[in-house]
Amino acid sequence: MTRVSLKHCFFAALFLVVFGLGLAHTIVFRYAMNPDGVSYLDIGDAFWRGDWSAVLTTYWSPLYPFILGFALWLTGSPPAMEFTVVHVVNFVLYLGSFVAFLFFLRTLLDREKIVDVYDRSIFFVFGTSIFLTVALSMITISYVTPDVLVALVMYVVSGLFIIFLEHPKVRHYVMLGSMLGLGYLTKAILFPYALVVFVLLFFVVKKDQKRNFGLGVAGSIFLLCMLPWAFSMSAAKEQFTFGETGTINYAWFNNGVRPFVHWQGEGDAGMPTHPTRKIFDNPVVYEFNDGYTVTYAPWFDPGHWYAGLTPHISLLNTMYTLRVGFSRLVSDMIYYFSFILLMVVVLWWREEDKKEMLLGFWRTYFPLVISSGIILGLYVAVSVESRYTAPFLMVVPTTLFVSIYASTKKRDLPYARIVIVAGTVLAILLTGGRNINDVTNAFISSPRHYHGEVAKGLEDIGVPTGESMAYIGHASGGMNAYWARLARVYIIAEVPEEGQKIFVDGSIEMRIRVLKVFADAGAHWVVWEYAPLYAEQEGWQRIGQTVYYIKKL
């Protein structure tokens, strides 16, 4: 067998491992959904029915829901299969992000002149283990969000950063502008990331006419991608904006503003212009029938409900948020990437001039460190979740490890190879253990399309699509009412979590008054999750074999 054939077989084997583990996650989590995912699906529907006023939200970015909407339109899948189709889309994006990661890793190995077939093979196995950790344990493709698409963009841009250190060609500038533009359309935080990238490249790339032309091309493509969305969004909201996700989240976590839904002016960051309306006090009932034909309007367009928000820097709150965010970041680094840090220390310890080695790494790769660090800093100042920070957190230690390995092997090849082999084995064991545990636990719990059962039950009872519903839900209320998305009904009023105990323990007269205000708000049916035993005596009907009950108003 020729060297080329062996190379193809090797990468095919890596791809099969990535494919198999991703497919296992896709199958066992095929019925999973989350509040963000429902909003993305509703926006995707709006795209493909041409409802541009619904598409233009300042909180959610457009690319991911566009892709989801296209997939549902293309497959023509019935509602019962909708969540499965969404997870297939995530699986395809996951495979695309693996190709992008290989591009980054290959570029890094070429830059460090690691050309030996044995070394490169070990690094690709090692890198695949890191990729799987990020994609399946941190981002988790079972979660319906665009974070896997953000990772894809990050890997390509990081690879291009390395190419720009030497001899970039025009096609690389075209790729850069395209990826940064698509990145902004994927998640608004990639707008400041793009600005940082352009500024760094202006100083890093060799100053000549080719650089100026290339950056002009990249900048033009980026603007061509982002300006139509930014201007359309600004026109719809009657104020110039690149997106309000960051400002809203900052107010949630730093200004005492009630997060997510039903802000009535709590905190010290302004008063809502058009909040959800409190129509009953004890228990509290909110109504939000503002003409949205979506599953759950308060989480469909937070920018609308949080209009009037005026975030401001609160030193004590910001210090607390920074401390919490930084501790989470450090915890993730230790939990997921401690084996990389351990190998970095083991190799670095053998360096004769330890300080010079680190300075050399900084001089070469500071654009990667700065660009990733700024995004991580923005997240630390607001909210840190593993799925947000994973690709930015992984790139720098991986680059540092490859750089130190390349330096060490020049003086002590056997030692360097022992370290990389040991690290690769450890990475495989850790990654394999986490994924086997996740998949096994999910499989043992017997995945059940519970929300699909509720939607089918509503259909059997005779609830037509497009109906206005009220909801008395558990935990996060309507945000977790995924059955409403599948049944194509719209929740327009609810008793939120803080009012449910009062509703359950109160008198029947009080419950009758609540049902009346539901009806006055425009609801035709009300669904009650975890209704107590007396519910059937009061005229509630159980929905199939679920814990949900329904009553016609």
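1. Thr 140 is partly exposed, at 22% relative accessibility. The scale runs as follows: buried is under 20% relative accessible area, exposed is over 50%, and partly exposed is in between, with a 1.4 Å probe and protein chains only. Thr 140 sits in the loop between H6 and helix H7 (147-164). Helices (H or I, at least four residues) and strands (E, at least two) are DSSP runs, numbered from the N terminus. Phi of Thr 140 is positive, about 60°, although the residue is not a glycine.

2. A word on the basis. This is a predicted model, where local features need pLDDT of at least 70 and side-chain atom pairs count only at pLDDT 80 or more, while totals for chains, interfaces and linings use all residues. Residues are numbered from 1 along each chain as its sequence is written, and side-chain values use heavy atoms, with hydrogens and water left out.

3. Arg 488 also deserves a look. Its phi is near 60°, a positive value in a residue other than glycine. Arg 488 lies in the loop between helix H19 (482-487) and strand E4 (490-495). With 26% relative accessibility, Arg 488 counts as partly exposed.

4. There is a cis peptide bond to check. It runs from Asn 282 to Pro 283, with omega near 10°. Pro 283 is in the loop between strand E1 (277-281) and strand E2 (284-287).

5. Next, a helix pair. Helix H2 (residues 35-49) and helix H4 (residues 63-75) pack at an angle of about 70°, their axes 7 Å apart. Axes are lines fitted to C-alpha atoms, for helices over the stretch in contact, and angles run from 0 to 180 degrees between N-to-C directions. H2 and H4 are therefore roughly perpendicular to each other. The angle classes are: under 35 degrees roughly parallel, over 145 roughly antiparallel, 65 to 115 roughly perpendicular, and the rest oblique. The crossing of H2 and H4 is right-handed; that is, the near helix is turned clockwise from the far one by less than a right angle, with anticlockwise giving left-handed.

6. Which residues make the contact of H2 with H4? From H2, Tyr 40, Leu 41, Ile 43, Gly 44, Phe 47 and Trp 48 take part. They meet Tyr 64, Pro 65, Phe 66, Leu 68, Gly 69, Phe 70, Leu 72 and Trp 73 in H4. Contact means heavy atoms within 4.5 Å. The residues of this contact divide into 12 nonpolar, two polar and no charged. Here Ala, Val, Leu, Ile, Met, Phe, Trp, Tyr, Cys and Pro count as nonpolar, Asp, Glu, Lys and Arg as charged, and the others, Gly among them, as polar.

7. Aromatic pairs follow. Rings of Phe, Tyr and Trp (its six-membered ring) pair if their centres lie within 6.5 Å; planes under 30 degrees apart count as stacked, over 60 as edge-to-face and the rest as tilted. By this rule there are 56 aromatic pairs. In one, the ring centres of Phe 11 and Phe 124 are 4.9 Å apart and the planes are at 70°, so the pair is edge-to-face. Phe 11 belongs to helix H1 (residues 3-28) and Phe 124 to helix H6 (residues 117-139), so the pair ties together parts 113 residues apart in sequence. Phe 11 is partly exposed at 26%, whereas Phe 124 is buried at 4%.

8. Another pair joins Phe 126 and Phe 401. Their ring centres are 5.2 Å apart and their planes are at 50°, so the pair is tilted. Phe 126 is buried at 2% relative accessible area, and Phe 401 is buried at 0%.

9. Ring pairs also build a cluster. Its members are Phe 15, Phe 19, Phe 91, Tyr 94, Phe 98, Phe 101, Phe 104, Phe 131 and Tyr 155.

10. Is Lys 187 buried or exposed? Lys 187 is buried, with a relative accessible area of 16%. Its place is the loop between helix H8 (170-186) and helix H9 (190-204). Not counting residues up to four places away in sequence, Lys 187 touches Ser 61, Asp 147, Val 150, Tyr 379 and Tyr 388.
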